[in-house]
Amino acid sequence: MAHYVVLILATAMACFMTGCRPARTASHLRDRRQLTFTGNVTYPAISRDGKQLAYGVLRCAGGQCAYDIAIQDLLTNTNRGIAVHAPVLYSIRWSPDESALLFCGIAQEGWATYLVPASGGTARRVAPVYAAFSANGGA
């Protein structure tokens with residue numbers, strides 16, 4: 001029993017002497033780069049291959065505001081837009097094959113989750129609330 005007390009006291013003393021800080025380990029951060037420059041990016045989603053960034057962009061005109069989705073090619077730094085005209089946008093997710101995006105918010109048919117082709121086109125309501133892609137890519 002006495003040797004446990006000595007061990008506990010030795011550990012406590014060592015902790016006190018070092019400030020009870022954990023041992024420092026080297027951490028290496030990869031180089032970072034700024035991906036967007038508009039200051040108007042919400043709900044970013046990076047594609048699985050890391051080559052594209054989809055995000056919501058709030059546009060206001062005539063006292064009315066709505067979100068559209070922008071897709072930025074991270075290799076060429078080019079953008080393309082997908083007009084979804086959603087007054088409320090809460091999330092954006094890529095499909096497993098990167099051919100489509102799911103977004104949750106208020107759009108043409110009210111509050112729901114919508115599917116829109118990543119190449120552009122009309123958003124289609126796929127669920128009355130929050131939805132996700134299945135492993136095979138279906139929503």
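Buried means under 20% relative accessible area, exposed means over 50%, and partly exposed lies in between (1.4 Å probe, protein chains only). This is a predicted model: local features need pLDDT of at least 70, side-chain atom pairs count only at pLDDT 80 or more, and totals for chains, interfaces and linings use all residues. Residues are numbered from 1 along each chain as its sequence is written, and side-chain values use heavy atoms, with hydrogens and water left out.

View A. The structure holds 2 aromatic pairs. Rings of Phe, Tyr and Trp (its six-membered ring) pair if their centres lie within 6.5 Å; planes under 30 degrees apart count as stacked, over 60 as edge-to-face and the rest as tilted. Tyr 90 sits in strand 5 (residues 88-94) and Trp 111 in strand 7 (residues 110-117), so the pair ties together parts 21 residues apart in sequence. Strands (E, at least two residues) are DSSP runs, numbered from the N terminus. Tyr 90 is partly exposed at 46%. Trp 111 is partly exposed too, at 37%.

**View B. Phe 103 stacks with Tyr 114.** Their ring centres lie 5.3 Å apart, with 15° between the planes. Phe 103 belongs to strand 6 (residues 100-107) and Tyr 114 to strand 7, 11 residues apart. Phe 103 is buried, at 0%. Tyr 114 is buried, also at 0%.

**View C. Arg 59 and Asp 68 form a salt bridge.** The whole structure has 1 salt bridge (a side-chain nitrogen of Lys or Arg within 4 Å of a carboxyl oxygen of Asp or Glu). The closest N and O atoms of Arg 59 and Asp 68 are 3.3 Å apart. Arg 59 is partly exposed at 45%, whereas Asp 68 is buried at 11%.

Methods: Helix = DSSP H or I, 4+ residues; strand = E, 2+ residues; numbered from the N terminus.
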